Amino acid sequence: MDRRNKGKTAVTGSKVPQIKAKPQALEYLSDSKAIVDKCLTSAGSEEQFWNIFRISLATESVLAGLATRDMKPPLGPARSIVLRIPMLTAIGQGSIAGSEMRRFLELIFWTIYFTDHPIEWSEFEKGSHTGFARDQHQPIAFAAHRELGHYVDYAGELMAAEPSGLRLKSVNQLKQASHTLNASVHAGHLARTKRKSAPYEDPTADFLKGFGKLQRIVFSNSCMLLAAYRRSSFDRLKASARAQFDWLAAQKLRIEVLSGPFGLQ
């Protein structure tokens, strides 16, 4: 290279701007820490946050007891999301927590479908599709790469043989929850916002209460669905995990679902 062009771009001949990013990054981190500290203080003073924490703790205990080695995908990733939810809400990232719950739902319905369909799971694991498969003349790839509604419908049809009526209870509630989460994580509401919003959601009592209500619907009905799907694992739950399951289910649902025959045999 010609020494006269040293420090200049080959295209314009102008000097490359030197951006001192490190000081700006450190200032950004300092500001972020202040926001996080503020959110943590706010969340820690709200009883509704402790409810969110307990829901996640109970769900993790139940999922750990229901997990079996043959599940595809395994429940490990879903359990990681469960434990991430309280942290995200506490640091003011409630919208991200909603996105994570949407991913949790997808993992749960995938587990029910792909555990029953190992050939389709092998196709899914290849990762050859970045989106949905559209060619119905390739039925394995088509079934392995569908939208969430397909796997929800599969669980609903599977649970038609379940004697407690779980199909009309948990599956339908999870379907409605998925619609709510889809709407909240879709960028449409951001596009309609006229002003730049803050990079966090203040964890107020009202926000945490609404989030906790949706969280309980998603987690409790997912546990109920998996318990029915893996009845033998449910019957072997340790006393502590079973107590958490009963608390998650709430009295009305627990009485309705568990008062008679329950689960796929």
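Helix 4 (residues 94-116) is mostly covered, with 18 of its 23 residues buried (under 20% relative accessible area, where exposed is over 50% and partly exposed lies in between, for a 1.4 Å probe and protein chains only). The helix, a DSSP run of H or I of at least four residues numbered from the N terminus, reaches 34 Å from its first C-alpha to its last, close to the 33 Å expected at 1.5 Å a residue (1.5 Å times one less than the number of residues). The model is a predicted one, in which local features need pLDDT of at least 70 and side-chain atom pairs pLDDT 80 or more, while totals for chains, interfaces and linings use all residues. Numbering runs from 1 along each chain as its sequence is written, and side-chain values use heavy atoms, without hydrogens and water.

Aromatic contacts come next. The count comes to 13 aromatic pairs, taken as Phe, Tyr or Trp (six-membered) rings with centres within 6.5 Å, stacked under 30 degrees between planes, edge-to-face over 60 and tilted for the rest. The rings of Y113 and Y154 have centres 5.0 Å apart and planes at 85 degrees, so this pair is edge-to-face. Y113 belongs to helix 4 and Y154 to helix 7 (residues 148-158), so the pair ties together parts 41 residues apart in sequence. Y113 is buried at 5% relative accessibility, and Y154 is buried at 19%. Ring pairs also link W110, Y113, F114, W121, F124, Y151 and Y154 into a cluster.

Finally, W247 meets two arginines: R54 lies over its face, 3.8 Å from the ring centre, and the charged end of R216 sits over the ring at 4.2 Å from its centre (criterion: NZ of Lys or CZ of Arg within 6 Å of the ring centre and within 35 degrees of the ring normal).

Key. Helices (H or I, at least four residues) and strands (E, at least two) are DSSP runs, numbered from the N terminus.
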